[in-house]
Amino acid sequence: MHDERRRIEERVERVHNQRIKPAIYSATVPFEVEAWHAPGEPVSFEEAAAARYTPFAMDTPWGPPWGTTWFRMRGRVPAEWAGRRVEAVIDLGFVGDWPGNQAEALVHLPDGRPLKAVNPLNQYVPIGNPVSGGEEIDYLVEAASNPDILANDFAAPTPLGDVLTAGDKPLYTFQRADIAVLDEEVWHLDLDLQVLRELMVHLGEHEPRRHEIMHALDRAMDVLDLDDISGSASAVREALAPVLARPAHASAHTISGVGHAHIDSAWLWPIRETKRKTSRTFSNVTSLADEYDDFIFACSQAQQYEWVRDNYPHVWARIQESVKKGQWAPVGGMWVEADGNLPGGEAIARQLIHGKRFFIEHFGVETKGVWLPDSFGYTAAYPQLAKLAGNDWFLTQKISWNQTNKFPHHTFWWEGIDGTRIFTHFPPVDTYNARFSGEEMDRAVRNYSEKGGGSRSLAPFGWGDGGGGPTREIMERARRLADLEGSPKVIVEHPDEFFAKAREEYPDAPVWVGELYLELHRATYTSQARTKQGNRRSEHRLREAELWATTAALHAPGYSYPYEKLDRLWKTVLLHQFHDILPGSSIAWVHREAEAEYARVAEELEALTAEAVAALGADGTRVFNTSPFDRAEVVRTPEGAPAFVDVPASGSAPLTGAEPAQPVKVEGLVLDNGLVRVEVAPDGTLASVRDLRAGREVLADKGNLLRLHTDLPNYWDAWDIDKHYKNRYTDLLDADAVTVVEEDALLGAIRVTRSFGKGSKLTQTITLRAGSPRIDFETEIDWHEAEKILKAGFPVDIRAPHSSAEIQFGHIQRPTHTNTSWEAARFEVSGHRWVHIAEPGYGVAVINDSTYGHDVSRTVREDGGTTTRVSLSLVRAPRVPDPEADQGRHRFTYSLLPGATIEDAVAEGYALNLPLRVADAAGAPEPVVSVAGDGVTVEAVKLADDQSGDVVVRLYESSGGRASGVLRTGFPLAGARVTDLLERPLEDADVTGDGGVAVALRPFQVLTLRLQRAEGS
């Protein structure tokens, strides 16, 4: 047989695209359109309905960046269309085919009820199937003219990312507003051809099935009457029916499809626009559920549901009905799809608590899995926290983006730092926005790593990132692919069903231990430093407010615990942990608002904490310690003078002043407190740090060396730091001034000022306090660089085989060598409050109050010694998507802790992030709880969310070994129970004979205790 593939494929392509697709709508009449351009921010439907509209013609430009235009569309269905399927078709002037980052609109009836949204891939609104003819149509259409931030493919900065800089030039030209007849037979023929053509081209050229489809398509084109597409479409479909009816092979891979619409809670649009995006997408989804009984839609992020509930009650009611019918599946059980590395441990717990409770309360549904397809790597603390919240499975897709190494599994058990395992799946289709294309189906089968062990995978389908969701065309593809030779089988089902089947067929799936590190997007640990600092400060302020509010509720008559305020503030912080806000990868508008939100959160939490402390009375000045460790350190009195105090964990002490063992001596540029001796060089670096207790020099070279690197990644500016950044840098060795600024028996401080780059200025105050080996670097930067990253390096004279970095409820070890490509790919990693390196008998920690990104490397010196270098990533200067990212002033502190064990690093990490509070208060109420026993660390103290008055305490083992101890309460204890994260009892706790609670923890175990107060306490 002659090879006619090219002729046939080109023939089918042209006829399909140029003749069949244009015939899908067989008749149209235009709407009469009027417009009203809303001033400023979006307005309510009621305000828009009352506005004055003016005539609007097609091909007219409309919509300034971030503007809203309301269109009134009126028309009549022609009487002669009776019995036909009729739709409104609206094209706002869409650009490209991504629904989420351009013009979008929500269509309302005159009474305000939302009908459905329109976007580039979903331009229709159902009118009737069939219509009677003569129906009057009246719509109010809220159209958002959101700019296409990706128009230049992230190649250059754009001012469109903030309403303050975007200008007012119209972005779009209205193309179409019609009432149209959908020719269903032609529409189905279009879908038949799509599925067959795509299947054909992705089958191997040696496959008989490919040639069978090709010749069937060729014969079908002979049946088509090019002068009467509508009249001949049915015959063409009949000609193709046999080739579409061929069943899949018995061994065909099974793809469980679940509808999905990834809606970033903010990214290339602000939060206010996401609130509207949810209404548009969810309107489309509930409309699609009415059309397809077999449709199931999985949707996460309780925050987005709450926005719809509060702003779009009609859409909310439709969601509730879809959940009851089993077509809408709440999943994920988190408040938002948060970043997978940066939120603190208690914050991830609260993400799960608030998310799961929302779905239980509003739908009677307890979600069973963590749904995080798009976060940038995942902490090894997740398996334990997910299981403690009642989850059975974990899903993500992002690891398929790895830059260097292909992750070896798609279905596996993920083991966390404490040993907890959770059943985990990565869809091999490599997207969370699948549309069941031939290319996707082929990729899913080729990619699938579990061949021979498992036979099924999951595919979230629907347009996403900015919403959009599944379409009827995607559902039709799924139906055609349910049982089709040459393709995997597609079944639409609930993700719980997929995970149950996958686990049943593959119970001995392989195990992956430790973090799920994404070999890409490493700069998300550093970009938008003020956003990250706002998160860190908020997490610790929430801890502080809860502890002292609980103390006041127990000991201050008349004080009321601020349940509602704390709940609201937690949810604000949780929202801003979304995986494009906290990582620093959003437009300028998002981060500008985030900084303002964090400032408001700080102000309100400060007021709540001050109110709680004041409720304890006021007849003397006391020092309050929110940390879970006893502290003996220097504080400032209200007059500004230093004082040395000794304060118990989670308790308070009078500001009377104690005497440290040795005073601080300042001699020239040398600080000495009897524990460490710090010599500052004339260039402002550390020339020496001598640990006087161990009798050894800590540094192998200049310490606190600030290094300015060129930082231009290959593509994703705010997201990525690529390895080549290390090759070009400038060491900041020119100091403007190095001067002693404080010389006291309790502390000494040397200030270093620098000017560098394009007008940037940096001031560091290097402080050593009595009684502590910790050296603080209080840093102020006025940053004006572009495409640079600033790092602070500490070359330590230690041969460390690995580094330890704090993560949520524990720490993780990473090799300092690069034997394999997996290790080499971890050239930038995340950590929380500290990084620790050690050799047998001696260690050093680098501690911070708001920095997450760092790297640890090592070299061998000519003398044979090993230098292990810890470098903190302080601030970056990406220009896309926010051209002004990180510009301006920053204040933060990091510290060097010589002679540190892991336990020291944990304690000092808390201390730096939870400064002692000096305030007027009366008496000395006992700490709410105290723990006797090393390694048992208190993470949270609060009153139970059910307002029963019970005290909830979250503990964890922080050293990486087994720990035991006794928890004692500062109130009469009536009983204690172990609970899950949602504070639901699991078992009785071990209450000792003297009223304590015995605690025994495995390494890194998290334990939640619910403590019942005795009557009258």
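How many bridges join strand β6 (residues 86-91) and β9, and in which sense do the two strands pair? In this predicted model, where residues are numbered from 1 along each chain as its sequence is written, local features need pLDDT of at least 70, side-chain atom pairs count only at pLDDT 80 or more, and totals for chains, interfaces and linings use all residues. Side-chain values rest on heavy atoms, with hydrogens and water left out.

Strands β6 and β9 pair in the antiparallel sense over four bridges; strands are DSSP runs of E with at least two residues, helices are runs of H or I with at least four, and both are numbered from the N terminus. Two strands count as paired if DSSP finds at least two bridges between them. Within this pairing, Ala-88 has Val-125 of β9 as its bridge partner. Both strands belong to an open sheet of four strands, ordered β1-β12-β6-β9, with antiparallel pairing. Because β1 (25-30) and β9 (124-128) each have a single partner strand, they stand at the edges, and one side of each is left without a neighbour in the sheet. From one strand to the next, the twist averages 30 degrees (axes are lines fitted to C-alpha atoms, and angles run from 0 to 180 degrees between N-to-C directions). Tyr-124 also has the charged end of Lys-116 over its ring, 4.1 Å from the ring centre; this requires NZ of Lys or CZ of Arg within 6 Å of the centre and within 35 degrees of the ring normal.

Turning to the rings, the structure holds 54 aromatic pairs (Phe, Tyr or six-membered Trp ring centres within 6.5 Å; stacked under 30 degrees between planes, edge-to-face over 60, tilted for the rest). Trp-62 and Tyr-172 form a tilted pair, 5.9 Å centre to centre with 35 degrees between the planes. This pair links β4 (residues 61-62) to β11 (residues 172-173), 110 residues apart. Both Trp-62 and Tyr-172 are buried, that is, under 20% relative accessible area with a 1.4 Å probe and protein chains only. An edge-to-face pair is formed by Trp-316 and Phe-358, at 6.2 Å and 65 degrees. Trp-316 lies in helix α8 (residues 313-325) and Phe-358 in helix α9 (residues 345-363), so the pair ties together parts 42 residues apart in sequence. Trp-316 and Phe-358 are both buried, and ring pairs link them into a cluster that includes Phe-436.

Technical notes
Buried means under 20% relative accessible area, exposed over 50%, partly exposed in between (1.4 Å probe, protein chains only).
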